[in-house]
Each structure stands twice: as structure tokens, then as C-alpha cells.
Amino acid sequence: MAKRPQLTGRAAVLAVVVCAIAMSLAYPVREYISLRRSISELRAEKATVEAERQALLARDRQSRDPNWIKRTAKERLHYCGPGEKCYVVMEQQQGKEETAAKQPAAVPPWYQTLWESVEAADKGTGRRAVTGKETVGQS
């Protein structure tokens, strides 16, 4: 008996047809997956926008409430209604001067410090330039 070849003409045609079908379906499947991904991203964005919309609607309803308007005017603008006694507590001026004296001296900008160090190196004076917490320069 003659040995039959392992790859017949029918098998080759079948393999070519299967490869052609697989190649013709690859692009649409890839597009389908990317569209599904974009749909899920749009749904998440829609949920975020809807949450913001609900928050703005609640804020709008709140701003229409006369009690909220009065309370906000008193808190933010220090509004005092007719017939009410309102007091404003002022801080002492001495407290501000003391806190200003306790603050450290302002650090010069970096370019000023750089220029001073260049001048010190050029003159050979060895002047130290202060930068933040460290000192840089020659002795």
C-alpha cells in the first residue's frame, strides 16, 4: 500500500481558508474591544458629570433657602440684622508686632546669592553667602 502524504490538497485549502477567516476577523474584533473600552470610559465620565450635576443642583436649592442666605451673610460678610447687637473682636496690635519680630530674616533670591559668591571669589574676600539654612562660600 502506498503511503498517503500527510498534507493533502484539501487540507491545504482548508488551512488557507481558516487563516483567511482568522485574518479577516482580527481587525473587527480589535475595533469591537476598543469600542467597548471607550464605552466604559464614557459611562464612568457620565457618572462623574452626573454627580457634579447633582451637587450643583443641591447647592442651587440651598442658595434659594432664605435662612442659608442670612447665615452665610452673617458668617462671611459679618452682616448684622436690624435689631441685633453684633460685636467684632479685634486682635491686639502688639501681638502682630511680636509675631513679626519672631519670624526669621528673608532669604535673598538664589541669583543674588550666586552673584555675591562670584564677586567674593573674584575679590578674594571670602565673604560667605547665606542660602536658606546652609552657608556657602570660601573662608
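Before going on, a word on what we are looking at. This is a predicted model, in which local features need pLDDT of at least 70, side-chain atom pairs count only at pLDDT 80 or more, and totals for chains, interfaces and linings use all residues. Residues are numbered from 1 along each chain as its sequence is written, and side-chain values use heavy atoms, with hydrogens and water left out.

Back to Asp 60. What does its side chain meet? It meets the side chain of Arg 64 in a salt bridge, 2.9 Å from N to O. A salt bridge here is a side-chain nitrogen of Lys or Arg within 4 Å of a carboxyl oxygen of Asp or Glu. The general idea is friendly enough: side chains of opposite charge can pair when their charged atoms come close. Arg 64, at 62% relative accessibility, counts as exposed.

How many salt bridges does a search of the whole structure find? It finds three. Another one links Arg 53 and Glu 50, at 2.8 Å from N to O. Both of these residues lie in helix α1, three residues apart, which is about one turn of the helix. Arg 53 is partly exposed at 44% relative accessible area, and Glu 50 is partly exposed too, at 35%.

Then there is Lys 74, whose salt bridge with Glu 84 has its closest N and O atoms 2.9 Å apart. Lys 74 sits in helix α2 (residues 66-77) and Glu 84 in the loop between α2 and α3 (93-102), so this pair ties together parts that are 10 residues apart in sequence. Lys 74 is partly exposed, with a relative accessible area of 38%, and Glu 84 is partly exposed at 37%.

Now let's step back to the whole chain. Helices (H or I, at least four residues) and strands (E, at least two) are DSSP runs, numbered from the N terminus. Of the 139 residues, 6% count as buried. The accessible surface is about 13400 Å², and 59% of that belongs to carbon and sulfur atoms; such areas come from the Shrake-Rupley method with a 1.4 Å probe, and for residues only the protein chains shown count as cover.

Helix α1 covers residues 9-63, and Val 29 is found in it. Val 29 is partly exposed at 46% relative accessible area.

In an unreviewed entry, UniProt lists residues 32-59 as "coiled-coil region". UniProt positions are given in the numbering used here, feature names are shortened, and annotations may be inferred rather than shown by experiment. In the model, that span is 100% helix and 0% strand, and its end C-alpha atoms lie 41 Å apart.

Next, the loop between α2 and α3, where we find His 78. His 78 has a positive phi of about 55 degrees although it is not a glycine. In general, most residues other than glycine have a negative phi. His 78 counts as exposed, at 62% relative accessibility.

Now for the cysteines. A search of the whole structure finds one disulfide, a pair of cysteine sulfur atoms within 2.5 Å. The disulfide joins Cys 80 to Cys 86, with 2.2 Å from S to S. The link is right-handed, with 90 degrees about the S-S bond. Cys 80 is partly exposed at 29% relative accessible area, and Cys 86 is partly exposed at 42%.

Last stop: the structure holds one aromatic pair. The rings of Trp 110 and Tyr 111 have centres 5.8 Å apart and planes at 85 degrees, so the pair is edge-to-face. Rings of Phe, Tyr and Trp (its six-membered ring) pair if their centres lie within 6.5 Å; planes under 30 degrees apart count as stacked, over 60 as edge-to-face and the rest as tilted. Both Trp 110 and Tyr 111 are exposed.

Definitions and conventions:
Buried < 20%, exposed > 50% of the residue type's maximum accessible area, 1.4 Å probe, protein only.
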